[in-house]
Amino acid sequence: MDKMVQQAIAQVLSEVYEPEFSEHSYGFRPGKGAHDALRQCLANANEGYDWVVDMDLERFFDTVNHSKLIQVLSEKVKDGRVVSLIHRFLRAGVVVNGMYQKTEEGCPQGGNLSPILANILLNECDHELELRGHRFVRYADDMVISCASRKGAERTLESTARYLENVLKLKVNREKTRISRIGGIKFLGYGFYLDTKVKEWNFRLHEKSEAKLKAKIKEITQRSNGWSVAYRQAKLSQLVRGWVAYFKLARCKGTLEGIDQWLRRRIRMLYWKMWKRIRTRYRRLMKLGVGKQKAYEWANSRLGYWRVSGSWILTTTLNNEKLYAMGWRWFSGLYAREYVN
């Protein structure tokens with residue numbers, strides 16, 4: 001019931017505030033998304049504003065000042081009952097490990113109201129940055145301010161941090177907030193690199209995003225979770241489609257080809273582990289067209305799983321075409337069709 005009421009409030013607030021929101025805000029807004037924010041960030045860099053302030057708000061959703069948020073809301077929402085109801089939702093508390101905790105500050109993460117309330121509060125910062133003539137992109141609490149020089153970025157950081165802390169009562173994480181060329185930051189999972197041939201910045205896959213992808217692949221292809229092959233294939237297909245749809249702006253063809261090779265080797269290792277008995281391995285290899293003698297030798301092999309998965313016995317029998325026909329999917333093929341730049 002609470003979520004239904006929150007959603008009703010959020011929809012009305014969206015209609016009220018949407019015309020007031022900055023064009024540089026892209027998070028949780030109709031008709032806008034992460035790709036729009038990324039393209040604008042890239043456009044700023046290619047127009048000469050490639051020094052950036054990568055602003056990090058410390059535990060933003062946990063540290064929103066209720067009094068400040070209610071003050072900002074009251075300037076636009078004149079119905080005191082609605083404002084009071086929102087305040088009650090903010091102060092409702094949370095249950096952590098079975099224990100009730102008061103919420104004197106912050107917006108509940110995952111709540112239906114939190115995204116619109118975050119935009120309402122940070123919209124104050126958006127308009128302040130616009131008044132100062134800054135180029136910036138904000139997606140929820142992720143903010144990148146683009147500057148023409150390092151000195152300009154340093155001045156911008158200090159003035160913006162003062163505004164966020166003194167006026168909006170937020171906490172800036174000074175350790176994670178950084179100034180660098182745009183190639184040194186991660187924004188919405190993407191990295192940036194300078195294409196020296198055309199002397200323009202472009203998108204790349206950030207190292208942390210690559211590591212997260214590999215961690216998800218490992219989870220899907222590990223034997224110990226007890227999943228069926230059909231379930232693993234469904235999970236992998238979902239991951240491939242969703243991941244490529246989001247990261248299709250990045251130039252990462254070579255990276256994905258390498259990840260696919262590693263993925264297929266893990267799939268072969270998975271099958272070898274599943275065929276754990278000698279007679280099962282012998283029977284499976286024979287079915288895949290291996291001669292009796294070689295099937296017997298490999299079925300009795302003492303080599304480790306990873307070694308066998310990269311050997312000719314599996315790369316030729318469970319080759320790429322065979323794995324695809326069995327229902328396995330990978331990234332580079334779909335990426336080649338979806339890549340946008």
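Visitor: Helix α4 (residues 66-76) packs against α5 at an angle of about 160°, and their axes are 11 Å apart. What makes α4 and α5 roughly antiparallel to each other?

Guide: First, this is a predicted model: local features need pLDDT of at least 70, side-chain atom pairs count only at pLDDT 80 or more, and totals for chains, interfaces and linings use all residues. Residues are numbered from 1 along each chain as its sequence is written, and side-chain values use heavy atoms, with hydrogens and water left out. Now the angle. Axes are lines fitted to C-alpha atoms, for helices over the stretch in contact, and angles run from 0 to 180 degrees between N-to-C directions. Under 35 degrees counts as roughly parallel, over 145 as roughly antiparallel, 65 to 115 as roughly perpendicular, and the rest as oblique. The α4 and α5 angle is about 160°. Therefore α4 and α5 are roughly antiparallel.

Visitor: What handedness does the crossing of α4 and α5 have?

Guide: Right-handed. A crossing is left-handed if the near helix is turned anticlockwise from the far one by less than a right angle, and right-handed if clockwise.

Visitor: What makes α8 roughly parallel to α10?

Guide: The angle again. Helix α8 (residues 207-221) and helix α10 (residues 253-274) pack at about 20°, with axes 10 Å apart. So α8 is roughly parallel to α10. Their crossing is right-handed.

Visitor: How do α8 and helix α9 cross?

Guide: The axes of α8 and α9 (residues 229-247) come within 10 Å and cross at roughly 165°. So α8 is roughly antiparallel to α9. This crossing is left-handed.

Visitor: How do you know where a helix or strand begins and ends?

Guide: Helices (H or I, at least four residues) and strands (E, at least two) are DSSP runs, numbered from the N terminus.

Visitor: Why do β4 and β6 stand at the edges?

Guide: Four strands, in the order β4-β5-β1-β6, form an open sheet with antiparallel pairing. β4 (135-139) and β6 (178-181) each have a single partner strand, so one side of each lacks a neighbour in the sheet. From one strand to the next, the twist averages 20°.

Visitor: How do you know that β1 and β6 pair?

Guide: Two strands pair if DSSP finds at least two bridges between them. Strand β1 (residues 51-55) and β6 have 4 bridges, in the antiparallel sense. V53 stands opposite I179 in β6.

Visitor: What joins β7 to β8?

Guide: Strands β7 (residues 190-195) and β8 (residues 200-205) run antiparallel and are joined by 6 bridges. F192 has F203 in β8 as its bridge partner. The two strands form a hairpin with 4 residues between them.

Visitor: What makes a space a cavity?

Guide: On a 1 Å grid over the protein atoms alone, a cavity is a set of points where a 1.4 Å probe fits but cannot get out. The whole structure holds 1 cavity of 30 Å³ or more. The largest cavity has a volume of about 50 Å³. A volume is the space filled by probe spheres set on the points, which are joined across faces, edges and corners.

Visitor: Which residues line the largest cavity?

Guide: Q6, F89, L90, C107, P108, G111, L113, S114 and L117. Lining residues have an atom within 4 Å of a point. α5 (80-90) and α6 (114-131) each supply at least two residues of this lining.

Methods: On a 1 Å grid over the protein atoms alone, a cavity is a set of points where a 1.4 Å probe fits but cannot get out, and a pocket is an open set with protein on both sides within 12 Å along at least five of seven lines; lining residues have an atom within 4 Å of a point.
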